[in-house]
Amino acid sequence: MGQAPVDDIQIRYHPNSGRPMQVHHFEDYRCGPGAPPWRPFRTRIDFKVAELAHEAALTHEQIDQLIRLIHRSRCELFTLRNHKDVRNTWDAASYKLTPFTKEEVVFYHRSLWDWAIDLLQDPEVGPHFVFDAQQLSKFDGEKFVRFIHEPWTANMFWEYQSKIPADAKPLAFILYADKAKLSSFGCAKGYPVVARCANLPTAIRNGEGLGGGRVVGWLPIKHSGKPAFVNFKNTVWHTSFLKLLACLVPLSKLGSSVKCWDDIVRIFYPIILILSADYEEQVVMALIRGLMGKFPCPICLVPREELSKISNVHRLRTSVDAKALRAQARESTTLEVREQILSSESLRDVDNSFDTMEHTNVFRALSFDKLHFNNEGNFDHLWTELQKWIADSGRQAAVQIDNLQIASFESFPRWRNLNHFDQVVSVSFSDGTKYEDISKLIVFTAHNVFQRDVDPHVYLLLRCIRSYVELNMYASLEVHTEDTIRDGRNTLSKFAELMDVYTADLSEKSWNFPKIHLSAHLFDDIEAKGVTRNYNMKPNEKMHGPLKDAYQDRTNFKNFAEQILRYNHDSLIAEYIRSKVDCLDTQNLSLSDLPDLSEADELELTESTDTQHFSLGSWQATKSFADIEITEFRFIKVNYESLIDWRAETGAIFAKLLLVFTCTVGNVQYPIALTLPYDQPVGAHLWKDKDFKFWRVKAKPRASAECFLVQSIIHSCVLAEDGTRPNEFLVVDTTDTDMFLRMEEIHDALDLPL
């Protein structure tokens, strides 16, 4: 093993897969005619016109007018006659994929099993399925270090495959449920259930194609104003959800054979691997009593008064224990005794629909939601607390943070994928993405406003925020190794320690709320189910947009659920047929010797200088000096090996890019970057440099500009000027997770002197 090349990838498959262990070199490891695909539309142009009318949400009159115009000049057989003909053809096409079913209790759903079979038998989606659990490791020169990303590389997938017959495969589902505001003022609401298949890679599973998320149910909404009504509301929810799960329940015990896209018959056992939901929905899924219960956490039995003590460990809930406690309570002779038994673990006297699934533990399936628990949860509380301190400090503090000082939000350098703010102090409500960007920058703009000795309380809060941001960066990683999980747990402990000090004496508010406690389960979830993007709610909430548009454009605002779901299913069918038509076009194109010139206008005018590392673009006029030609470029794109995924060499210096050009001598072209190095010795480091993990750099005089080969560029970064130290800058390590890991390596390699 010690002779294996550095960076080799080892894949150990589950024993039941019958597949031997494999080792790949790093560079090799990377993740026929029949019926026309537009059927039952009579011709291809019939489908294209119907698809256009569907996407544009045309009225019946507009569809009729469109068809009349098309019939006036025909170049291809066009058979549609009116909107009714379009509607009838859509209805005929609806059975290409699993349609919705309406139950007696107003609950619409489509068969989860039939939907999964649609994917397994699709020739475009099917080849991307992963059926066997894997344990992946990367050789670091001394040992193989395990890493986790997709669900099948984590522990729960492996454990489940160990419980089913050796010749069977796990078919893992990810389910999401949350209310969606359909009208502008939120008077009309929907309650969609979205399913994704955990056997598919993230790029497909979280994408918008056929293998992406699918609305599989529409739950009834019951408004409750009295505590006595809550059990009824939960009963309706789980009774409805049981109808959705009914097709999977017997298969989870006995399995089922499916002939897949490759004509191979496989035996599958379904499992609900991940439940993606915010806290309110997790309370309903777990059937606990929520904020007012003695034990508000849906994962463990932490007392309500200890929620802020993140480091404390408590007994985990299990489906077996919950069922046993309900059975014990129902054997009691009085309602009072029954209530005492159930309230001892904050459970409700309702049967949980997920208990019908074999090997599904609802409490373990519930997952950490970074969007609501961190961005719109923990930071929302920290931000409100900081705003209170800023207000108490007077208007000058707010003005300095917003736009007065050099390192204010208004003057902060603009950066790709980072929101730019003119002012933030008055922001009291925002979406999760903007809150996340504020959290990344606030310490860099406020550290000169509040001093360690003068404002110790606010300074401590800023340290808490910095520690929270580091924790959120670890939560955002797209690949985790044993090392990053260990470092993440250490960061969580540090955050907990700082919050314990701050909340003990300095804060007037109660910090005993569930979202801060749920951070304690973050890295357990990563080890069990993979990285957080596997259960992030953002891709699911993105699907609310089309549902809202359908409500606004395609319904009469009465009994709208059925109208929305019919439109949603039509969209799925259109997407399905479109993918088949595109596949046919690709196949026909591959048989042709003619180049495709239809996309010539879309070619990017960039010159690929070195496709393995960088490309230059936006070139200027070439200038000649004797036998040397120089061409200036104003665009550069650098491809680098991400530390999110793999480790790389360090020892870099920081520099400001002044000019990029190529110098041609003879027939050899040299891409060159003119830079101003920021490696001048800085002054004495301050306490806040260590408290906030600042990395200081200082620019050399302009005359010290140096030329480097463009191949030397490793990564772009943002520098925030420190107004109190002339010509000194702070490296902003929170712009993305890769930059964060690179700076962590630099900090670990060099102890910061004080």
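**Close-up views of a predicted model**

**View 1. Asp132 sits in a loop between helix 4 (112-120) and strand 5 (134-139).** Helices (H or I, at least four residues) and strands (E, at least two) are DSSP runs, numbered from the N terminus. This is a predicted model, where local features need pLDDT of at least 70, side-chain atom pairs count only at pLDDT 80 or more, and totals for chains, interfaces and linings use all residues. Residues are numbered from 1 along each chain as its sequence is written, and side-chain values use heavy atoms, with hydrogens and water left out.

Is Asp132 buried or exposed? With 5% relative accessibility, Asp132 counts as buried (under 20% relative accessible area, with exposed over 50% and partly exposed in between; 1.4 Å probe, protein chains only).

**View 2. Helix 9 (residues 279-286) is largely enclosed by the rest of the structure.** Why say that of helix 9? Because seven of its eight residues are buried. Those buried residues are Tyr279, Glu281, Gln282, Val283, Val284, Met285 and Ala286. Just after helix 9 comes Leu287, with a positive phi of about 55 degrees.

**View 3. Phe368 and Phe373 form an edge-to-face pair.** How many aromatic pairs does the structure hold? There are 23 aromatic pairs. Rings of Phe, Tyr and Trp (its six-membered ring) pair if their centres lie within 6.5 Å; planes under 30 degrees apart count as stacked, over 60 as edge-to-face and the rest as tilted. Here, the centres of Phe368 and Phe373 are 5.4 Å apart and the planes are at 80 degrees, so edge-to-face it is. Phe368 is buried at 1% relative accessibility, and Phe373 is buried at 1% too.

**View 4. Phe379 and Trp383 are a stacked pair.** Their ring centres lie 6.0 Å apart with planes at 20 degrees, so this pair is stacked. Phe379 and Trp383 are four residues apart in helix 13 (residues 370-393), so about one helical turn separates them. Both Phe379 and Trp383 are buried. Ring pairs also link Phe379 and Trp383 with Tyr435, Tyr468 and Phe495 into a cluster.
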